[in-house]
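Here are a few notes to read with the structure open.

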2 protein chains.
Amino acid sequence: MRINFQRTYAIVPRRQLSSNSGAYNVDLNDKHPQPVGFKTLVGNIGIKDATDDFACVYSTVPCTVSGMFSQNLFAGPSVKVSRLHLAEGHPRAVVVVSKNANVATGEEGLANAIELTGRVGGKLQIDAKDVLVASTGIIGRRYPMEKVRAFIDDLDPESAGCDFAGIARAMMTTDTVSKYVHTRVGNATIVGVAKGVGMIEPNMATMLTFFFTDALVPQPTLDRIFRKVVNATFNCLSIDTDTSTSDSAAIFANGMAGEVPEAEFEARLHEVAIELVKKIARDGEGATKLLEVSVEGARDDAQAKRVAKAVVNSPLVKTAIHGADPNWGRVAMAIGKCEQDTDINPENVRIAFGDSEVYPKQLSVADLDRLSEVMRGEYVRVAIDLGCGKGHATVWGCDLSAEYIRINADYST
Amino acid sequence: MRINFQRTYAIVPRRQLSSNSGAYNVDLNDKHPQPVGFKTLVGNIGIKDATDDFACVYSTVPCTVSGMFSQNLFAGPSVKVSRLHLAEGHPRAVVVVSKNANVATGEEGLANAIELTGRVGGKLQIDAKDVLVASTGIIGRRYPMEKVRAFIDDLDPESAGCDFAGIARAMMTTDTVSKYVHTRVGNATIVGVAKGVGMIEPNMATMLTFFFTDALVPQPTLDRIFRKVVNATFNCLSIDTDTSTSDSAAIFANGMAGEVPEAEFEARLHEVAIELVKKIARDGEGATKLLEVSVEGARDDAQAKRVAKAVVNSPLVKTAIHGADPNWGRVAMAIGKCEQDTDINPENVRIAFGDSEVYPKQLSVADLDRLSEVMRGEYVRVAIDLGCGKGHATVWGCDLSAEYIRINADYST
């Protein structure tokens, strides 16, 4: 999974949100704080098995929304419909169908996605174009529309709860853990849910992530902050270099908790996103370790990110990490793959595993053994100083294990 | 291993070669034809074990030479020295040390590489700068120079043979088969040897390939043909996207068999290179299958190669191939990763496994089962038509297996 969100779509809410400013109190002692004014619906359509495969979050009032989607040329109907709705509607709901990606399903797949948003919108008494849609699971198979219609007909919005952990669970495919993070900023709450690299049948990984907050954030500010945060977090995540056709990220802000300091909102949102990214990387297919690669001393941040991505994506680095092997030669090779970056002089480069420099300083065999012991843990950090300038970047990934092969090869169509 | 040779270095021989034109007869019935005027020396320095780790081929007369080397920023002393010698010397010998890459070994490593060429040159009574050097094996460890000196002191050029198969064997690290191909063109012979992706201890793969011919080929022609052939063969090979620090390719033409038709020479050289590329891909670490990806209907050849590389390098495609799974959804995803190629319209794309179209035409379950049976073989071809134009390219790689992980993770430093 290589995430590469590049386009932001946004709309201006029909109603001014400031009327809700500061109007709601939130219990700060709540272990699972909820953003005010958001409701959740979770259930089982019966697409694959009896686990939840339908998740819907909606705001009872209009929202500001910002969204970013997969750049894959084969992006599916869900991504196309969500892009359209962000451009032309006023989204305040998102519906996620899991166990079926609805990708490469032709005109009928597109019609099904539109029908889905219309039916959900009808139940919520909002326009179809006010509903975003995401879908994850097997490719090339159509939704079982009779089941979908029957399920939505039976939906009772009156029964909606505030169960974001349930939303995160319903989005899972073969994720081994659900990904749900929340934090507080001023009087407001930020909740983030995500699903990471999963396979239910031969299929590609899909990354979906949604954020909900009752903070009041004006549209241009939300766009700017969301783009910046996603670029520094989800766009720095790579499980296996493969960009999904279905990647989607969006944030909904309904303003019900009033204004919050902008810098603090950005910092908290960044923290929530980082936590979700780490949960996804650690739960990467077959992964046994979270791999964090930090590059500093680059000519600029773009160079730092390019080098860090080359390292975190190198199969030889990933297998060395899997084997708890402080094999700095492979890290050097991966840096050197950035052939266009001729201002990188190998003689000025420094490589460390955790806090232990391994190049150019050479460790003794005893020190290497100690380092290997540390690398047997669930978190490995590679730190690189390019000795060129002040650019820096951090990216996240995971090790490459035989289990990755088993998951992706041994289940066949 | 991602090969990316971009620079050609060449020299003009000191002597005119035309004096040898047509002067030698070669036995056309010889099962292993040899280019006239080349000698081989093979032996064991004792770097790792008792298998051959020293290979030297030299021409008894001056040659035209063309060479291309790794673009990795951490390219080792062997690559640096060979580049220098191609620029300043008149190479007619190449020496290969296996089981030690002599990479990231500092100033002393560079001095050792220079000393090696000097000592071998001394034995052959040619200048150090007339010797190319290549080295493959563990990174970050210096040559055992006492053993190297003792071995070369004992070398007897009078004992030199014509054993190119032995040269290919002596170049191996953890290659499971040696790579040696020969062909005839007019009265001349072309021999090619290569070593592919191998690991002896935690280390990175290295690709070395050398060609020897007694055809008379003028320097500019040899450069042009070699660059063209390498770009269409070795530069279309990817085992795991990791560019070695040591990749080296060179061709030596000593003219002793006289002139040959240029187009035929290029065609034969291309065939020899293709055979070596296929042998390397099939012997990729942990590989069980040779994967060939052909793209046609591209806007231009560059786009075709970019898309083909995205497919052949996709871990999800490679694992599907490993599982004999005709999972065209992953091929579509990999094509779609070429996000900049917005002229690719998914609706015009066609994907086939072998001769069986799988997208947009949908196969029945029975047909998919039959296709999976075919894919259990050792050769899988993915054919893609982008429906954009007339550009085309073919690239080679291999499947990704749990054995790749074992080889690269479970042996530790």
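1. Start at B:Gly43: in this predicted model, B:Gly43 sits opposite B:Phe54 of β3(B). That pair belongs to the two strands β2(B) and β3, residues 54-59 of chain B, which run antiparallel and are joined by six bridges.

2. Now zoom out to the whole sheet. In chain B, four strands make an open sheet, ordered β2-β3-β5-β6, with mixed pairing. At the edges you'll find β2 (38-43) and β6 (131-138) of chain B, each pairing on one side only. From one strand to the next, the twist averages 10°.

3. What packs on this sheet? Helix α2 of chain B (residues 106-124) does, and α2 touches β2, β3, β5 (93-100) and β6 of chain B. Against the direction of β6(B), the helix direction makes about 130°.

4. Over to chain A for a helix pair. Two packed helices are described by the angle between their axes and the distance between the axes. Here helix α2 (residues 106-124) and helix α3 (residues 145-154) of chain A pack at about 10°, with axes 10 Å apart. Angles under 35 degrees count as roughly parallel, so α2(A) is roughly parallel to α3(A).

5. Which residues make that contact? From α2(A) come A:Asn112, A:Glu115, A:Leu116, A:Arg119, A:Val120 and A:Lys123, and they meet A:Met145, A:Val148, A:Arg149, A:Ile152 and A:Asp153 of α3(A). Sorted by class, the contact of α2(A) with α3(A) has five nonpolar, five charged and one polar residue.

Definitions and conventions
Residues numbered from 1 in each chain as written. Chains lettered and ligands numbered in written order. Predicted model: local features only at pLDDT ≥ 70, side-chain atom pairs only at ≥ 80, totals over all residues. Heavy atoms only, no water. Axes fitted to C-alpha atoms, helices over the stretch in contact; angles between N-to-C directions. Parallel < 35°, antiparallel > 145°, perpendicular 65-115°, else oblique. Contact = heavy atoms within 4.5 Å. Nonpolar A, V, L, I, M, F, W, Y, C, P; charged D, E, K, R; others polar. Pairing = 2+ DSSP bridges.
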